[in-house]
Amino acid sequence: MVSACLLGEACRYDGRSQRSERVLAALEGKSVVPICPEAGAGMGIPRPPVDLSGGTGVDVWAGRARALTRETREDRTDAFREGARLALDAARRFEVPVALLKEKSPSCGSQRVYDTGVLRPGEGITTALLRADGRTVVSDEDL
């Protein structure tokens, strides 16, 4: 499973991709399930940037943190949770043991995420759910 933006899909919040030749080379010859939790949940492209507020993805699932748009502070937590559930459904359906996801994303970050505009250690909402289900999540920055 791989963040679709890393594969060249223009699905980021700003309507761009994060195509990574390093990622594409590492995946050569492998079966890949592309995901974009935000787009999958129908949040649109482009969409307002979102930060976690009050913690990490683990905290969102525990009800201690939220996913809020940066400028208007609109609560997008339910949509982010839905996108994560869709990603988990795909991981189960395709028996995916490992996900290679985009670092710093409020969904996909595996080591660092933005909490109210500050980059902090932690994981995103989708990463937290995948890990809770026993799947390995690797950062694109680790390649």
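**Notes on a predicted model: loops, pockets and cysteines**

Student: Where does Thr 116 lie?
Tutor: Thr 116 is in the loop between β6 and β7 (118–121). Bear in mind that this is a predicted model.

Student: Buried or exposed, or partly exposed, for Thr 116?
Tutor: Thr 116 counts as partly exposed, at 44% relative accessibility.

Student: What about Lys 104, what's its phi?
Tutor: Lys 104 has a phi near 80 degrees, again a positive value in a residue other than glycine. Its place is the loop between β5 and β6 (112–115). Lys 104 is partly exposed, with a relative accessible area of 31%.

Student: Which peptide bond is cis?
Tutor: The one joining Ile 45 and Pro 46 is cis, with omega at about -10 degrees. Most peptide bonds are trans.

Student: And where is Pro 46?
Tutor: Pro 46 sits in the loop between α2 and β3.

Student: How many residues line the largest pocket, and which lie nearest its centre?
Tutor: The lining has 25 residues, and Arg 12, Tyr 13, Glu 38, Ser 105 and Pro 106 lie nearest the centre. The volume of the largest pocket is about 410 Å³.

Student: How do the lining residues divide by class?
Tutor: In the largest pocket, 14 are nonpolar, three polar and eight charged.

Student: OK, the second largest pocket. How much space lies in it?
Tutor: About 230 Å³. The second largest pocket is lined by 14 residues, with Met 1, Val 2, Leu 27, Lys 30 and Val 98 closest to its centre.

Student: Which elements give two or more residues to that lining?
Tutor: For the second largest pocket they are α1 (21–27) and β5 (98–101). By class, its lining has twelve nonpolar residues, one polar and one charged.

Student: Change of topic. How many disulfides are there?
Tutor: The count is zero.

Student: On burial, why is helix α5 described as largely enclosed by the rest of the structure?
Tutor: Because six of the eight residues of α5 (residues 125–132) are buried.

Student: Which ones are buried?
Tutor: In α5 they are Ile 125, Thr 126, Thr 127, Ala 128, Leu 129 and Leu 130.

Student: What glycine follows α5?
Tutor: Gly 134 follows α5, and its phi is positive, near 90 degrees.

Student: How many aromatic pairs turn up?
Tutor: A search of the whole structure gives zero aromatic pairs.

Student: What lies over the face of Tyr 114, then?
Tutor: Arg 70 does, at 5.5 Å from the ring centre.

Student: Now contacts across the sequence. How far apart are Arg 112 and Thr 56?
Tutor: In sequence they are 56 residues apart, and in space 8.9 Å, C-alpha to C-alpha. Arg 112 belongs to strand β6 and is partly exposed, with a relative accessible area of 26%.

Student: And Leu 86, which helix is it in?
Tutor: Leu 86 lies in α4 (residues 77–93). Leu 86 is partly exposed, with a relative accessible area of 36%.

Student: What separates the C-alpha atoms of Leu 86 and Ile 35?
Tutor: The separation is 9.0 Å, for residues 51 apart along the chain.

Key
Residues numbered from 1 in each chain as written. Predicted model: local features only at pLDDT ≥ 70, side-chain atom pairs only at ≥ 80, totals over all residues. Heavy atoms only, no water. 1 Å grid on protein atoms, 1.4 Å probe; cavity = no way out; pocket = protein on both sides within 12 Å on 5 of 7 lines; lining within 4 Å. Points joined across faces, edges and corners; volume = space filled by probe spheres on them. Nonpolar A, V, L, I, M, F, W, Y, C, P; charged D, E, K, R; others polar. Helix = DSSP H or I, 4+ residues; strand = E, 2+ residues; numbered from the N terminus. Disulfide = S-S within 2.5 Å. Buried < 20%, exposed > 50% of the residue type's maximum accessible area, 1.4 Å probe, protein only. Phe/Tyr/Trp six-rings, centres within 6.5 Å; stacked < 30°, edge-to-face > 60°. Lys NZ or Arg CZ within 6 Å of the ring centre and 35° of its normal.
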